[in-house]
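Welcome! Please take a look at the structure, then follow the topics below.

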Amino acid sequence: MARLSRQPCEACRRNAPTVSEAEILLFKPEVPEWRILERNGIMQLERVFTFTDFQQALAFTNRVGNIAEAAGHHPALLTEWGRVTVTWWSHKIQGLHRNDFILAARTDEVAN
């Protein structure tokens, strides 16, 4: 399998399946610092990134915004002094799709 961050995102249809347990086991090692959590019955990927000040956190938020816009897939972003919480999930299917793992991997790359 190609690196997760290099895989293309696909248009997510309303009837697209959420990722299976087998897919989660396959994808999760490439995004080890991301937590899978459930909010209001919706599985999501979330990670907190830390920075030394607000300017660095804001610059990171903008870089994540750029990759999100390029992919046409948008996370929840909470920017605070010295930290940014990024949460990926697919709104159309109310859960996790392959795209969420791809964009989590790309988020890790822009953090480095």
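A pocket, as the word is used here, is an open set of grid points where a 1.4 Å probe fits, with protein on both sides within 12 Å along at least five of seven lines. A volume is the space filled by probe spheres set on such points. With that in hand, the largest pocket has a volume of about 180 Å³. Please keep in mind that this is a predicted model.

**The largest pocket**

- Which residues line the largest pocket? They are Glu-10, Ala-11, Cys-12, Ala-71, Gly-72, His-73, His-74, Ser-90, His-91, Lys-92 and Asn-99.
- Sorted by class, this lining has three nonpolar, six polar and two charged residues.

**How the strands pair**

- Strands E1 and E2 pair in the antiparallel sense, over five bridges. In this pairing, Arg-35 has Glu-46 of E2 as its bridge partner.
- E2 also pairs with E4, again in the antiparallel sense, and here there are six bridges. Glu-46 takes part on this side too, with Thr-87 of E4 as its bridge partner.
- Strand E3 (residues 76-80) runs antiparallel to E4, and five bridges join them. Thr-87 in E4 stands opposite Ala-76.
- Is strand E4 (residues 83-88) largely enclosed or largely open? Five of its six residues are buried, so E4 is largely enclosed by the rest of the structure.

**Turns and positive phi angles**

- E1 and E2 form a hairpin with two residues between the strands. Asn-40 sits in the loop between E1 and E2, and its phi is near 50 degrees, a positive value in a residue other than glycine.
- Asn-40 counts as exposed, at 79% relative accessibility.
- E3 and E4 form a hairpin as well, also with two residues between the strands, and in it Gly-82 takes a positive phi near 75 degrees.
- You can find Gln-94 in the loop between E4 and H3, where it counts as partly exposed at 44% relative accessibility.

**Aromatic rings**

- How many aromatic pairs does the structure hold? There are four.
- Trp-34 and Phe-49 make up one of these pairs, an edge-to-face one, with 5.9 Å from centre to centre and 70 degrees between the planes.
- Why does this pair tie together parts that are 15 residues apart in sequence? Trp-34 lies in the loop between helix H1 (21-27) and strand E1 (35-39), while Phe-49 lies in strand E2 (residues 42-50), so the pair ties those parts together.
- Trp-34 is buried, with a relative accessible area of 2%, and Phe-49 is buried with 3%.
- Phe-51 and Phe-60 form a tilted pair, at 5.1 Å from centre to centre and with 40 degrees between the planes. Phe-51 counts as buried at 17% relative accessibility, and Phe-60 counts as buried at 0%.
- Together, Trp-34, Phe-49, Phe-51 and Phe-60 form one aromatic cluster.

**The largest nonpolar core**

- In soluble globular proteins, nonpolar side chains tend to be buried together.
- The largest nonpolar core here has 24 residues. Those with the most contacts inside it are Trp-34, Leu-45, Phe-60, Val-86, Trp-88 and Phe-101.
- Which elements give two or more residues to this core? They are H1, E2, helix H2 (54-71), E4 and helix H3 (98-111). H3 gives the most, with five residues.
- Trp-88 belongs to strand E4 and is buried, with a relative accessible area of 0%.
- Two members of the aromatic cluster, Trp-34 and Phe-60, are also among the residues with the most contacts inside this core.

How values were computed
Residues numbered from 1 in each chain as written. Predicted model: local features only at pLDDT ≥ 70, side-chain atom pairs only at ≥ 80, totals over all residues. Heavy atoms only, no water. Phe/Tyr/Trp six-rings, centres within 6.5 Å; stacked < 30°, edge-to-face > 60°. Helix = DSSP H or I, 4+ residues; strand = E, 2+ residues; numbered from the N terminus. Buried < 20%, exposed > 50% of the residue type's maximum accessible area, 1.4 Å probe, protein only. 1 Å grid on protein atoms, 1.4 Å probe; cavity = no way out; pocket = protein on both sides within 12 Å on 5 of 7 lines; lining within 4 Å. Nonpolar A, V, L, I, M, F, W, Y, C, P; charged D, E, K, R; others polar. Pairing = 2+ DSSP bridges. Core = buried A, V, L, I, M, F, W, Y, C linked by side-chain atoms within 4.5 Å.
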